[in-house]
Amino acid sequence: MPELPEVEALAQDLRGRLVGRAISRIDLAAFSALKTFDPPLHALHGTLVDDVTRHGKFLDIDASGVHLVIHLARAGWIRWRDEVPALPAKPSSKNPLAARIVIDDPDLETRPGLDVTEAGTRKGLAIYVVRDPQEVEGIARLGPDPLSDDFTREVLQQILEREGRKQIKGVLRMQSIVAGIGNAYSDEILHAARMSPFKPANSLDEADLQTLYDAVRTTLGDAVQRSSGLAASELKGEKKSNLAVHGRTGQKCPVCGDVVREVSFADSSLQYCATCQTGGKPLADRRMSRLLK
């Protein structure tokens with residue numbers, strides 16, 4: 001799933017490609033992906049792109065005051081095409097294409113564009129056309145952005161105290177609490193902080209709080225820096241090659257050499273290093289174990 005660093009890099013890449021260019025048309029290939037009706041999708045036709053920004057995991061293409069907001073969900077992605085087909089994209093259950101944004105640039109002989117795709121059968125990708133990004137419910141209820149200047153150590157402390165005995169991994173990845181962190185980077189942050197994913201949020205002492213805050217800022221900041229300037233086609237590989245524990249079950253921890261372990265849930269899993277994070281104690285299944293502090 002694309003998280004804050006990848007979505008930030010996508011926004012940067014698309015900003016360089018789209019700002020000042022006109023949107024010729026948008027073809028909708030997966031009708032269920034469009035979540036709004038006013039303004040209509042064709043309100044974006046003929047508009048000039050003014051900016052591309054990010055709100056948590058949401059991409060926001062601002063075109064002449066109309067906002068095309070995209071949430072890529074678990075398996076969505078955006079691909080730049082130097083030339084798109086002349087004929088509009090058609091709906092197809094066998095094609096991962098959800099939408100195509102066609103760009104009109106008189107300086108080019110070809111017509112470039114963006115393909116918004118979603119792999120797999122579980123469809124969660126969402127497209128919104130709004131006059132204000134805050135009209136999107138998911139954006140309106142976002143928590144603070146962990147890389148913003150407003151996200152201070154004191155803000156993190158208030159969040160953890162407010163969430164009480166909730167497990168810290170769940171707190172970090174809840175978008176209404178902290179924006180942009182998902183399953184992968186919550187694993188990476190907690191590994192960097194040498195902290196159990198099951199640790200209660202309000203149990204951190206002053207030293208733990210500082211360690212976690214530094215891990216949040218450094219892990220995400222470094223990932224954004226590595227991703228900056230990369231094309232969309234390079235981002236997935238960059239992310240995977242730099243993860244310490246997430247998605248690395250059975251491999252060696254790059255810090256201590258212990259094996260990376262996993263806890264599975266109904267529709268997801270977490271990865272961790274017992275030596276680095278839980279005092280050498282393997283975590284049992286969340287549904288059957290006592291919480292480790």
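Before counting partners, I noted the rule: two strands pair if DSSP finds at least two bridges between them. I also reminded myself that this is a predicted model.

Entry one, the sheet. I looked up β4 (residues 66–71) and found that β4 pairs with β8 in the antiparallel sense, over five bridges.

Then I traced the whole sheet. Four strands make up an open sheet, in the order β2-β3-β4-β8, and the pairing is antiparallel. Which strands stand at the edges? They are β2 (49–55) and β8 (126–130); each has a single partner strand, so one side of each is left without a neighbour in the sheet. From one strand to the next, I noted a twist that averages 15°.

Next came the helix that packs on this sheet. Helix α1 (residues 4–18) touches β2 and β3 (58–63), and the direction of α1 makes about 175° with that of β2.

Entry two, the largest pocket. I wrote down a volume of about 560 Å³ for the largest pocket. Its lining has 21 residues, and Met1, Arg74, Ala184, Lys239 and His246 lie nearest the centre.

Which element gives the most to this lining? I found that α7 does, with three residues. β5 (76–81), α5 (183–192) and α7 (232–241) each supply at least two residues.

Last, I sorted the lining of the largest pocket by residue class: nine charged, six polar and six nonpolar.

How values were computed:
Residues numbered from 1 in each chain as written. Predicted model: local features only at pLDDT ≥ 70, side-chain atom pairs only at ≥ 80, totals over all residues. Heavy atoms only, no water. 1 Å grid on protein atoms, 1.4 Å probe; cavity = no way out; pocket = protein on both sides within 12 Å on 5 of 7 lines; lining within 4 Å. Points joined across faces, edges and corners; volume = space filled by probe spheres on them. Nonpolar A, V, L, I, M, F, W, Y, C, P; charged D, E, K, R; others polar. Axes fitted to C-alpha atoms, helices over the stretch in contact; angles between N-to-C directions. Contact = heavy atoms within 4.5 Å.
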